[in-house]
Amino acid sequence: MKSPTDYRTLAFLCQRLVNGVYGGNFPGGLVWLHMWNVGADYLMPLGWRIVEDMRRANGDQRPLDVAPAQIFREDETLDVQLFLMTAFGNGWPGCFVPAIGDFIVEFRSSHRLFFYCEKEATVKRLCMELKAFEPQVAT
């Protein structure tokens, strides 16, 4: 699936991934960045500032290059949405792994998202929630 580039649509995508897929009951999860120094030179420092300020607000002083992963509790839905928006918007590759573990989202610097699921029911649920983004199912 292609990740949107405009702010409003990107916000909607992240909201659907975090809240919509689980019916508003985000189970917590992990975002793990593979690279954070790619993208436009004028965007990178902004993305770093957003993510690192979020972390500092929660007592984590480590920069992205030392700790490129972040665990989110179930009550941190806005935090994970903001983290994902920043990563998607900057084209930082990585993975989003919800705590329930029925799917993984791999996001790439090409602004493409890939969903890996074990169950067909999960694929159907994701396709329904993300219908506005025209996901394609690989066979």
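I looked up the second largest pocket and noted about 200 Å³ of space in it. For a pocket I used a 1 Å grid over the protein atoms alone: an open set of points where a 1.4 Å probe fits, with protein on both sides within 12 Å along at least five of seven lines. The volume is the space filled by probe spheres set on the points, which are joined across faces, edges and corners.

This is a predicted model, in which local features need pLDDT of at least 70 and side-chain atom pairs pLDDT 80 or more, while totals for chains, interfaces and linings use all residues. Residues are numbered from 1 along each chain as its sequence is written, and side-chain values use heavy atoms, without hydrogens and water.

I then listed the lining (residues with an atom within 4 Å of a point) of the second largest pocket: Pro 4, Thr 5, Tyr 7, Leu 10, Ile 50, Leu 82, Met 85, Thr 86, Phe 88, Gly 89 and His 111. Helices H1 (7-20) and H3 (77-90) each give two or more of these residues; H3 has the largest share, five. Helices are DSSP runs of H or I with at least four residues, strands runs of E with at least two, numbered from the N terminus. By class I found seven nonpolar, four polar and no charged residues. Nonpolar covers Ala, Val, Leu, Ile, Met, Phe, Trp, Tyr, Cys and Pro; charged covers Asp, Glu, Lys and Arg; the others, Gly among them, are polar.

I turned to the largest pocket, with about 470 Å³ of space. Of its 18 lining residues, Met 1, Phe 115, Gln 136, Val 137 and Ala 138 are the closest to the centre. Strand S5 (113-117) and helix H4 (120-129) each give two or more residues, and S5 gives the most, five. I noted 14 nonpolar, one polar and three charged residues in this lining.
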